[in-house]
Amino acid sequence: MKMRLNSVVPNFEADSTQGTINLYDWQADSWLVLFSHPADFTPVCTTELGRLAVHKPHFEKRNTKLLALSVDQLDDHVDWVNDIKSYCRDIPGDFPYPIVADPDRNLAVQLGMIDEEGKDDPANAMTIRALYVISPDHRLRLSMHYPTSTGRNVDEILRVIDSLQLVDRKPEVVTPANWMPGDKVMIVPTIKDEDLPKLFPKGVDKVSMPSGKVYVRTTTDY
């Protein structure tokens, strides 16, 4: 299956370290970060799942749940969680989010979590580092794919969630490169100048360009 932005992520039911999960029921009205990792008991994956666990309160502040997935057996997930907690000692309490077991690889194939080489041998393929941000209406809003050699940056995941939620709340703006909450945002080019005072009463900055075209307009009024 090709996971395209704004497509509806299909519902599924699967075993996890926190019991059987029906995706739609479990997600409820939250945002969701659904992500895969190549294998349990591996070094980079241990750091990734550990860092996400430590940052879970930051995801909760954004009404966002975490759900991990790999093709390992459920018993391996359960045992590996102890290693993750031992390595990342700042995880408070129990491991805070479920890890889905997909040993037959049905979900991994369905959700596009197998790479080009693995698709020809799905019975033995490992999942890649795929990450999907899914809105409460079950639509895919952001997709990231990393190779097995590169761990993901939790701060960037939080940043893109902030951007998506901001734009949903105020669709007249978009966020520029390296944007962080509190920084200036840019105004959508289709917004007319005469509408700016009403939409952004605290003011708008217009940037002059050599072309003479006025398309870079920024504001902190959001």
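**Figure 1. Strand β3 and its partner β6.** Helices (H or I, at least four residues) and strands (E, at least two) are DSSP runs, numbered from the N terminus. The strands β3 and β6 run antiparallel and are joined by 4 bridges; two strands are said to pair if DSSP finds at least two bridges between them. Strands of a sheet pair through backbone hydrogen bonds, either parallel or antiparallel.

**Figure 2. Strand β3 and its partner β4.** Strand β3 (residues 31-36) runs parallel to strand β4 (residues 64-70), and 6 bridges join them. Trp-31 stands opposite Thr-64 in β4, and Ser-36 stands opposite Leu-69 in β4.

**Figure 3. The side chains of β3.** In a regular strand the side chains alternate between the two faces of the sheet. Trp-31, Val-33 and Phe-35 point one way from β3, whereas Leu-32, Leu-34 and Ser-36 point the other way, and all are buried. Buried means under 20% relative accessible area, exposed over 50%, and partly exposed in between (1.4 Å probe, protein chains only). Because 6 of the 6 residues of β3 are buried, this strand is largely enclosed by the rest of the structure.

Figure 4. An open sheet of 5 strands has the order β5-β4-β3-β6-β7, with mixed pairing. Its edge strands are β5 (99-101) and β7 (140-146), each of which pairs on one side only. From one strand to the next, the twist averages 20°. Axes are lines fitted to C-alpha atoms, for helices over the stretch in contact, and angles run from 0 to 180 degrees between N-to-C directions. Helix α4 lies across β4 and β5 and runs at about 155° to β5. Helix α6 also packs on the sheet, where it touches β3, β4, β6 (129-134) and β7, and its direction makes about 160° with that of β7.

**Figure 5. The packing of helices α2 and α4.** The axes of helix α2 (residues 43-54) and helix α4 (residues 74-87) are 9 Å apart, and the two helices pack at an angle of about 75°. This makes α2 roughly perpendicular to α4; angles under 35 degrees count as roughly parallel, over 145 as roughly antiparallel, 65 to 115 as roughly perpendicular and the rest as oblique. Cys-45, Thr-46, Thr-47, Leu-49 and Gly-50 in α2 meet Trp-80, Ile-84 and Tyr-87 in α4. Contact means heavy atoms within 4.5 Å. By class, the contact of α2 with α4 has 5 nonpolar, 3 polar and no charged residues. Here Ala, Val, Leu, Ile, Met, Phe, Trp, Tyr, Cys and Pro count as nonpolar, Asp, Glu, Lys and Arg as charged, and the others, Gly among them, as polar.

**Figure 6. The surroundings of Ile-21.** Ile-21 lies in strand β2 (residues 21-22). Its relative accessibility is 4%, so Ile-21 counts as buried. Leaving aside neighbours within four places in sequence, Ile-21 is in contact with Phe-12, Glu-13, Ala-14, Ser-16, Trp-26, Leu-67 and Pro-98. Asp-90 is 69 residues from Ile-21 in sequence and 27 Å from it in space, C-alpha to C-alpha.

Figure 7. Helix α6 (residues 154-169) contains Ser-163. At 14% relative accessibility, Ser-163 counts as buried.

**Figure 8. The four-stranded sheet.** The order β8-β9-β11-β10 describes an open sheet of 4 strands with antiparallel pairing. At its edges stand β8 (173-174) and β10 (205-206), each with a single partner strand, so one side of each is left without a neighbour in the sheet. Strand β9 (residues 185-187) and strand β11 (residues 217-219) run antiparallel and are joined by 2 bridges. Val-185 has Thr-219 in β11 as its bridge partner.

**Figure 9. The whole protein, for orientation.** The protein has 7 helices and 11 strands, and 46% of its 222 residues count as buried. Domain 1 (7-152) and domain 2 (170-219) divide the protein; these bounds come from an automatic or database domain assignment. The C-alpha centres of the two domains lie 36 Å apart.

**Notes to all figures.** Residues are numbered from 1 along each chain as its sequence is written, and side-chain values use heavy atoms, with hydrogens and water left out. In this predicted model, local features need pLDDT of at least 70 and side-chain atom pairs count only at pLDDT 80 or more, while totals for chains, interfaces and linings use all residues.
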